[in-house]
Amino acid sequence: MGHDYLLLALLFLVPGTLFWFVRADLRGLMRGAAVMALPFATTEWLFYPEYWAPKFLFDLADRIGFGLEDVLLIVGLAAFTSTAYAVAFRRTAVPVVSGARPWKRMGGGIVAVLGVAALLLGLDVPILYASVAAMVSTTVLVLVMRSDLVIPSVLGAGVSVVIYFGLCLLFEALVPGEAVERIWKPSVFLEGRLLGVPLDEILYGLGAGFAGTAFPAWALGLRFVPLAQGSESSAEKSRSTSSRVL
């Protein structure tokens, strides 16, 4: 197949799309998570081709450092990691902080993650591990401020990595000709694969789920409550608040 990465990116859109249609109360959270994640799509040049070497539409990664596939994948990843906990454990997101400044928090979070990753890269830490460490360490700082997000983040990481792993398995099944061996380079630390999926990717999915659960909720000033307690008016208030922000 000529564009394996495009297929993988489209697969990553599926869980979030399903969540969007079945959980209208979480759409504001998903939008906020997608907006916050978009800048990270432009960091593909740090991964390509040292960590992996997929083929990009129009060879954009060679031309501008990232491709359309990166945008699709990062939006899909943000959509399901930000809501996987809520969907799996029947929670909804309601406002907890009045007068929150989402744009300021989003910007600060993005700068913090990129700053930590840059520092680790300067210490010769491979990009995959630097990115995971940056996500986890900055999320821990958020959890110090918002202890109510600790359990959701841990459980969200677990649910997200299962979804992430399942999507990678589906990708393997749909693409003939040993796609993983063609695209991914040998691991630096976590050598080996689980059912054909590189352990590095599983680690990344775990880190993305941990950060994806906490960061958007914190930035938008939301907390998770049982779906039964989050009345229709509360859920609607959450959606309208996020809509005004975004």
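How many helices and strands does the secondary structure of the chain come to? The count is 11 helices and 4 strands, with helices (H or I, at least four residues) and strands (E, at least two) taken as DSSP runs and numbered from the N terminus.

This is a predicted model, in which local features need pLDDT of at least 70, side-chain atom pairs count only at pLDDT 80 or more, and totals for chains, interfaces and linings use all residues. Residues are numbered from 1 along each chain as its sequence is written, and side-chain values use heavy atoms, with hydrogens and water left out.

**View 1. The whole chain.** Of the 246 residues in the chain, 50% are buried. Buried means under 20% relative accessible area, exposed over 50%, and partly exposed in between (1.4 Å probe, protein chains only). Contact means heavy atoms within 4.5 Å. Take the contacts between residues at least 6 apart in sequence: 81% of them join residues at least 24 apart.

**View 2. Helices α7 and α10 side by side.** Helix α7 covers residues 127-145 and helix α10 covers residues 199-219. Their axes come within 9 Å and cross at roughly 30°. Axes are lines fitted to C-alpha atoms, for helices over the stretch in contact, and angles run from 0 to 180 degrees between N-to-C directions. The two helices are therefore roughly parallel to each other. Angles under 35 degrees count as roughly parallel, over 145 as roughly antiparallel, 65 to 115 as roughly perpendicular and the rest as oblique. The crossing of α7 and α10 is left-handed, meaning that the near helix is turned anticlockwise from the far one by less than a right angle; clockwise would be right-handed.

On the α7 side, the contact residues include L128, Y129, S131, V132, M135 and V136. On the α10 side, they include D200, L203, Y204, G207, A208 and F210. The residues of this contact divide into 17 nonpolar, 4 polar and 1 charged. Here Ala, Val, Leu, Ile, Met, Phe, Trp, Tyr, Cys and Pro count as nonpolar, Asp, Glu, Lys and Arg as charged, and the others, Gly among them, as polar.

**View 3. S131 within α7.** S131 is found in helix α7. Its relative accessible area is 11%, so S131 is buried. Leaving aside neighbours within four places in sequence, S131 is in contact with F47 and Y204.

**View 4. Helix α2 across α10.** Helix α2 (residues 27-37) packs against α10 at an angle of about 105°. The axes are 9 Å apart. α2 and α10 are therefore roughly perpendicular to each other. L29, A33 and M36 of α2 meet F215, P216, A217 and A219 of α10. The residues of this contact comprise 7 nonpolar, no polar and no charged.

**View 5. Helix α8 from end to end.** Helix α8 runs over residues 150-174. At 1.5 Å a residue, its 25 residues should span 36 Å, and its end C-alpha atoms are 36 Å apart, which agrees. The expected span is 1.5 Å times one less than the number of residues. Buried residues of α8 include P152, S153, G156, A157, V159 and S160. Further along, V161, Y164, F165, L167, C168 and F171 are also among the buried residues. I151 is in helix α8 too, but I151 is exposed, with a relative accessible area of 56%. The C-alpha atoms of I151 and A214 are separated by 9.8 Å. Along the chain, these two residues are 63 residues apart.

**View 6. The loop between α3 and α4.** This loop lies between α3 (44-47) and α4 (60-64), and P49 is found in it. The peptide bond from Y48 to P49 is cis, with omega near 0°. F58 lies in the loop between α3 and α4. Phi of F58 is near 60°, a positive value in a residue other than glycine. F58 is exposed, at 63% relative accessible area.

View 7. R90 sits in the loop between α5 (68-88) and β1. R90 is not a glycine, yet has a positive phi of about 50°. With a relative accessible area of 55%, R90 is exposed. T92 lies in strand β1 (residues 91-95). T92 counts as buried, at 0% relative accessibility.

**View 8. P39 and I110.** P39 lies in the loop between α2 and α3. P39 is partly exposed, with a relative accessible area of 33%. P39 and I110 are 71 residues apart along the chain, and their C-alpha atoms are separated by 7.9 Å.
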